[in-house]
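Hi,

Here is the structure I promised to pass on. My notes on its pockets and the ligand follow below.

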Amino acid sequence: MIETNVKNLISEIPESNAFGEKITLVAAVKLQPPENINRAIAAGITDIGDNHVQEFRDKYAMIAGNPRRHFIGHLQTNKVKYLIGKVDLYHSVDRENLAAELSTRSAAAGIVSDILLQINIGEEASKGGFLYGEAENAYKAIKKLPALKIRGLMAMLPLSDDESALKALAARMRTLYDKLKAGDGNFEYLSMGMSGDWRLCVDAGSNMIRTGTNIFGKRNYN
Ligand SMILES: *Cc1c(COP(=O)(O)O)cnc(C)c1O
C-alpha cells in the first residue's frame, strides 16, 4: 500500500543526520505509472526522481502537486536537451562531456542548472561515476562551466552483505563531500542510500536518499 509505505518511511527517517542536516527523501519513480506517483505525492512525497528521459517526458504533465524533480539515472548527452529547465537537480553527472552539454544547453536557455557529481565509490565496472581519485580534478574542471551549480555528490553503494565494507565506503563518500564542501558554499547534498541501505547511508552522513521499492513495492520490469 503506497500511502502506508510513504507514511511509515517518512516516520522512520530521522529529522537530521549526525551532522545536523535535514534529510531529503526522493522517491525513485522508474517504471511507476503516474497514478502511483501521484498517490505517493498525496501521501507526503515532495521530491521524485526519474531514470529514463523518455519516461520522464511521457509522465511529466501527468504528475500532480508540483514536486521537485530529480534526474537520477544514466543520462545520454544527446538527450540532455529534453530535460533542460524541467529538472531541479541532476544527480548523475558522471562525465565531463555530460557536464559540458548540460552547461551549454542551460546557458542557451538562460538558466543555471543544479547538479551533483556521481562518484563510483565501489569502483564497479557496471556503474558510472568518477573514481574517488579523479573526483577533485573533475570537480575543478566542471566548476569552471558557467551555467552549472555543483550542489554536492551522489553515490550508489555496491550490492553487498558486508555491512562493515559498505559503512567504510559510505564514510569515504562523506569525507570527500566534506573536503569539497569546505571550499564551496554551494555544497548542500550528499545523495546516497536506496531502499536496502538508506539507514547505513544516513548514519554515515548522507542527507538525501532515493528509494523506490520501499515506497512502491518490487518493480515489474516486464
Ligand atoms: C532505482 C534507483 C533507486 C531506488 O532503488 P530502490 O532499491 O528501489 O530503492 C535509487 N537510485 C537510483 C539511481 C536508482 O536507479
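Before you dig in: this is a predicted model, with local features needing pLDDT of at least 70 and side-chain atom pairs counting only at pLDDT 80 or more, while totals for chains, interfaces and linings use all residues. Numbering runs from 1 along each chain as its sequence is written, and side-chain values use heavy atoms, leaving out hydrogens and water.

Let's start with the ligand. Its shell (residues with a heavy atom within 4 Å) includes Ala28, Lys30, Ile72, Met156 and Arg219. By class, that shell has four nonpolar, five polar and three charged residues.

Now the polar contacts (N or O pairs within 3.5 Å). A side-chain N or O of Asn51 sits 2.8 Å from a ligand oxygen, and a polar side-chain atom of Thr213 is 2.5 Å from a ligand oxygen. Arg210 puts a side-chain N or O atom 2.9 Å from a ligand nitrogen. On its own the ligand exposes 390 Å², and the protein buries 90% of that (Shrake-Rupley, 1.4 Å probe).

And where does the ligand sit? In the largest pocket, meaning more than half of its atoms lie within 2 Å of the pocket's grid points. A pocket here is an open set of points on a 1 Å grid over the protein atoms alone, where a 1.4 Å probe fits, with protein on both sides within 12 Å along at least five of seven lines; lining residues have an atom within 4 Å of a point.

Cheers

Note on methods:
A polar contact is a pair of N or O atoms within 3.5 Å; within protein, one must be able to donate a hydrogen and the other to accept it, and residues adjacent in sequence count only if both atoms are side-chain atoms. Ala, Val, Leu, Ile, Met, Phe, Trp, Tyr, Cys and Pro count as nonpolar, Asp, Glu, Lys and Arg as charged, and the others, Gly among them, as polar.
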